[in-house]
Amino acid sequence: MNIMTTTLVISTVAVIATIAIIIIAMNRGQKEAKLTIEEPKPKVVTKKKKVTKSSLRVMKKGELIKLAKSDFDTDFDSSLTKTNLVNKVYQLYHKK
């Protein structure tokens, strides 16, 4: 297959999928089909899971501060850099 044929096949499959969604919605009694794409929610690290620096780095500063407050009742200043927050929260989880 060349690129034009491949593109046509992909476009056709997308149209068929959209039509199938509309038909299913109409069979359920809905007047309009709502197509929504939800963004994945950020993962919340808990004590039960293994906490790594990588898992903490994907979190935002506010999430790191809330995590430290909820799991360890520790307040951190929001003026700390994200790297410092990641290190401090990581240390809380891995105290020796």
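Predicted model: local features only at pLDDT ≥ 70, side-chain atom pairs only at ≥ 80, totals over all residues.
The crossing of helices H3 and H4 is left-handed, a term that applies when the near helix is turned anticlockwise from the far one by less than a right angle, right-handed being the clockwise case. Residues are numbered from 1 along each chain as its sequence is written, and side-chain values use heavy atoms, with hydrogens and water left out.

The chain has four helices and zero strands, where helices (H or I, at least four residues) and strands (E, at least two) are DSSP runs numbered from the N terminus. Of its 96 residues, 15% are buried, meaning under 20% relative accessible area, with exposed over 50% and partly exposed in between, for a 1.4 Å probe and protein chains only.

Returning to the helix pair, H3 and H4 pack with their axes 10 Å apart and at an angle of about 25°, the axes being lines fitted to C-alpha atoms over the stretch in contact, and the angles running from 0 to 180 degrees between N-to-C directions. H3 and H4 are therefore roughly parallel to each other, since angles under 35 degrees count that way, over 145 as roughly antiparallel, 65 to 115 as roughly perpendicular and the rest as oblique. On the H3 side the residues that meet H4 include Leu 64, Ile 65, Ala 68 and Phe 72, and their partners in H4 include Leu 85, Val 89 and Tyr 93, with contact taken as heavy atoms within 4.5 Å.

Which two rings form the aromatic pair? The structure holds one such pair, and the rings are those of Phe 72 and Tyr 93, whose centres are 4.8 Å apart and whose planes stand at 85°, so the pair is edge-to-face. Rings of Phe, Tyr and Trp (its six-membered ring) pair if their centres lie within 6.5 Å, and planes under 30 degrees apart count as stacked, over 60 as edge-to-face and the rest as tilted. Because Phe 72 lies in H3 (residues 61-72) and Tyr 93 in H4 (residues 82-93), the pair ties together parts that are 21 residues apart in sequence. Phe 72 counts as partly exposed at 23% relative accessibility, whereas Tyr 93, at 16%, counts as buried.

Lastly, the loop between H3 and H4 contains Asp 73, which has a positive phi of about 50° although it is not a glycine, and which counts as exposed at 60% relative accessibility.
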